[in-house]
Amino acid sequence: MKTARRQHSSRPAGAAAAGLPLELAELRARLADAEEALRAVRAGEVDTVMVAGTAGSQVFTLDGAEHAYRVLIESMNEGALTLTAEAVILYTNQCFARMVQLPLERVIGSSFLRFLSATDQLAVRRLLKRAAKAGSKIRLLLRAGTGAQLPVLISIRPLTTPGARDATLSMVVTDMTEARRSEERLRALSHRLVDMQETERRRVAVELHENISQLTYAILMRCDTLARTLPAGARASRAELLKLRDLLDQATEEVRRIAQDLRPSALDDLGLLPVLRRACELFAKRASVRVNLKAVRSIARLPAAVETALYRVLQETLLNVEQHARARHVTVGLRQLGRQVQLVVTDDGIGFDPNRYPARQKGKGSLGLLGMRERTTSVGGALEVQSAPGRGTTIRARIPFDPDTLALAHS
Ligand SMILES: Nc1ncnc2c1ncn2[C@@H]1O[C@H](COP(=O)(O)OP(=O)(O)OP(=O)(O)O)[C@@H](O)[C@H]1O
Ligand SMILES: [Mg+2]
């Protein structure tokens, strides 16, 4: 049996720089030793690796028949590691060494945790404990030897080696830089779409109001004049004209409603609170649901984009209550907490599982909740959905804002 030894050194890193020739020579010898051990491991010439740790030496067996797997792992585009349950790296491939920008020999035998921030170390420790029983995944930032950070996805699984005394784990580290860039591009695109949709809605609402409404209003006036000037005997014509006038009146009202739905002009003129109040009143009437609006009367005018986002969240949430919740009571709360505004909508309806709601149509996902999330994140906020079957639903949108920009936003 051939054995490669790896010291898990506790010597401070600066010791070699102390200038002691003897120590330097010792370090060189140990490095040569490690390089030889590593070469032998990678060439499949050794059967075991000994790792000297604080609790004494541990022996890990490498079966010669696994040589082919080692070659495969070396050619992978992902970091592949085997670890002890305490996160000491027993083996890794060149790809992982490139990720952490260190030579392979300085990675093997050291702790995986050294490449993580303190917070991520805690998370991975917890994961390692769980991973001894079942696999788990986590996204985090890997800290390279140079200090550079790399977004990665790590996936850990227990390695069951028949007869092995010590539990080992396998880990695959995937570089998420490209995936993250694509996510960011997608997010930017979706925020831009939200902006464009809002601009377009405002344009159509203004045109409807200024062109169509004014035109129908003018026709109404003419109808009135005509009705007054018709000869006394033209009763049938007058009756027909009045019916026509009523229809026109309805059409004007409908155009006004559509324009309001598209973009309530009061949102720009009066601010969020009156618009929320109106939306709640209309909803209560339309859906026969009791609505309780709890809002601080003195709430400041918020940046226009924030007010619009919150209004859209309320609009979509109330629509969902109407279509799905079978609720009897809805509470809408608007609060300002320092530099953050929070809109909370709670219903006492049937609730649902937010992780597994059914698609609206075959092949077509539901877009309401997704749209609300986009709206809130596009202004730097976050949306929380709390629901469970039979327990009602709470939608909470939290958006931070800078009070110093308020005057500008509404000037
Ligand atoms: N308040 C609620 N009460 C009960 N179920 C809800 C509620 N809100 C949402 N849901 C459930 O979540 C699903 C997703 O809602 P979402 O608004 O994303 O899509 P949708 O309403 O189905 O379709 P869309 O909004 O795109 O017209 C709904 O189909 C419904 O099953
Ligand atoms: Mg919906």
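**Entry 1: Ser155**

I started with Ser155, which, leaving aside its neighbours within four places in sequence, is in contact with Gly135, Lys137, Met171 and Val172. Contact here asks that the C-beta atoms of two residues, placed from the backbone, lie within 7 Å. Ser155 sits in strand β7, residues 149-159. Helices (H or I, at least four residues) and strands (E, at least two) are DSSP runs, numbered from the N terminus. I also looked up the pair Ser155 and Ser170: they are 15 residues apart in sequence, with their C-alpha atoms 8.2 Å apart in space.

Is Ser155 buried or exposed, or partly exposed? Ser155 counts as partly exposed because it has 16 C-beta neighbours inside 10 Å. The cut-offs I noted: 20 or more other C-beta atoms within 10 Å of a residue's own make it buried, 12 or fewer make it exposed, and in between it is partly exposed, with C-beta atoms placed from the backbone.

A reminder to myself: this is a predicted model, in which local features need pLDDT of at least 70 and side-chain atom pairs count only at pLDDT 80 or more, while totals for chains, interfaces and linings use all residues. Residues are numbered from 1 along each chain as its sequence is written, and chains are lettered from A and ligands numbered from 1 in the order in which they are written.

**Entry 2: the chain as a whole**

I then stepped back to the totals. The chain holds twelve helices and 13 strands. Of its 411 residues, 23% count as buried. Among contacts with a separation of 6 or more, 60% are between residues 24 or more positions apart.

**Entry 3: Ile395**

Next I picked a residue in strand β13, Ile395. Ile395 has 24 C-beta neighbours inside 10 Å and so counts as buried. Leaving aside neighbours within four places in sequence, I found Ile395 in contact with Thr317, Val345 and Val385. Thr346 is 49 residues from Ile395 in sequence, yet the C-alpha atoms of the two are 6.5 Å apart in space.

**Entry 4: helix α11**

Which residues of α11 (368-378) are buried? I got Met372, Arg375, Thr376 and Ser378. Seen down the axis of α11, these fall within an arc of 165°, so they line one face of the helix. The arc is that of the directions from the helix axis to the C-beta atoms. The cover over the buried residues of α11 includes α6 (177-229), α10 (304-325), β12 (382-387) and β13 (393-400). Just after α11, Gly380 takes a positive phi of about 80°.

**Entry 5: two helix pairs**

Two packed helices are described by the angle between their axes and the distance between the axes. My axes are lines fitted to C-alpha atoms, for helices over the stretch in contact, and angles run from 0 to 180 degrees between N-to-C directions. Angles under 35 degrees count as roughly parallel, over 145 as roughly antiparallel, 65 to 115 as roughly perpendicular and the rest as oblique.

α6 and α11 pack at about 95°, with axes 10 Å apart. That pair is therefore roughly perpendicular. Ser190, His191 and Val194 in α6 meet Glu374, Arg375 and Ser378 in α11. By class, this contact of α6 with α11 has one nonpolar, three polar and two charged residues. For the classes, Ala, Val, Leu, Ile, Met, Phe, Trp, Tyr, Cys and Pro count as nonpolar, Asp, Glu, Lys and Arg as charged, and the others, Gly among them, as polar.

The axes of α9 (residues 272-287) and α10 cross at roughly 10° and come within 11 Å. α9 and α10 are therefore roughly parallel. From α9, Leu272, Val275, Leu276, Ala279, Phe283 and Ala287 meet Glu307, Leu310, Tyr311, Leu314, Gln315, Leu318 and Glu322 of α10. The residues of the α9 and α10 contact divide into ten nonpolar, one polar and two charged.

Most residues other than glycine have a negative phi. I noted Ser288, which is not a glycine but has a positive phi of about 50°. Ser288 is in the loop between α9 and β9 (290-295), and is exposed, with 9 other C-beta atoms within 10 Å. Arg326 also has a positive phi, near 50°. Arg326 is in the loop between α10 and β10 (329-337), and is partly exposed, with 13 other C-beta atoms within 10 Å.

**Entry 6: ligand 1**

How many residues surround ligand 1? I found 19, the closest being Asn320, Ala325, Ser366, Gly368 and Leu369. A residue is near a molecule if its C-beta atom, placed from the backbone, lies within 6 Å of it. α10 and α11 each supply at least two residues of this shell, and α10 gives the largest share, five residues. By class, the shell has nine nonpolar, eight polar and two charged residues.
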